[in-house]
Amino acid sequence: MTFTVTGASKFLQHSVMQFLAAEGVSPTEIYRHMKKVYVDNCMSRARVYEWTKRYQQGRTSLEDGRPAPWPSPTQSSRKKILLQQTISAGQI
């Protein structure tokens with residue numbers, strides 16, 4: 001019996017790849033398994049191969065490592081406060 005998972009997140013797909021890579025499953029087989037389950041929501045074959053190799057080489061993080069497109073408000077606020085303190089202390 002086959003079922004499909006719709007709207008599968010990248011995080012979920014990464015966890016599947018990491019698990020199967022740890023089991024010694026080849027990138028080709030991982031892609032076949034994922035395509036069968038995730039159908040149109042599956043990562044591309046190239047991405048599955050790329051990430052499977054990373055997990056086989058010891059990568060442990062499931063995050064893709066891309067920086068956020070803009071700084072978080074908390075980061076910006078801290079930088080602003082630090083800059084104001086530096087200016088008021090006459091260190092510039």
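Predicted model: local features only at pLDDT ≥ 70, side-chain atom pairs only at ≥ 80, totals over all residues.
Student: Where is α3, and how many residues does α3 have?
Tutor: Helix α3 covers residues 45-56, which makes 12 residues.

Student: What span should α3 have at 1.5 Å a residue?
Tutor: The helix should span 16 Å, and its end C-alpha atoms are 16 Å apart, so the two agree.

Student: Which residues of α3 are buried?
Tutor: V48, W51, T52 and Y55. They cover an arc of only 105° around the axis, so they sit on the same side of α3.

Student: And what do those buried residues pack against?
Tutor: Against two other helices, α1 (10-22) and α2 (27-38).

Student: What follows α3?
Tutor: G58 follows, and its phi is positive, near 110°.

Student: New topic. How many salt bridges are in the whole structure?
Tutor: A search finds three.

Student: Which residue does R47 pair with?
Tutor: R47 forms a salt bridge with E50, with the closest N and O atoms 2.4 Å apart. Both lie in α3, three residues apart, about one turn of the helix.

Student: What about R54?
Tutor: The side chain of R54 also meets E50 in a salt bridge, 2.7 Å from N to O. R54 and E50 are four residues apart in α3.

Student: Is E50 buried or partly exposed?
Tutor: E50 is partly exposed, with a relative accessible area of 27%.

Key: Residues numbered from 1 in each chain as written. Heavy atoms only, no water. Expected span 1.5 Å × (residues − 1). Buried < 20%, exposed > 50% of the residue type's maximum accessible area, 1.4 Å probe, protein only. Arc of directions from axis to C-beta. Contact = heavy atoms within 4.5 Å. Salt bridge = Lys/Arg side-chain N within 4 Å of Asp/Glu carboxyl O.
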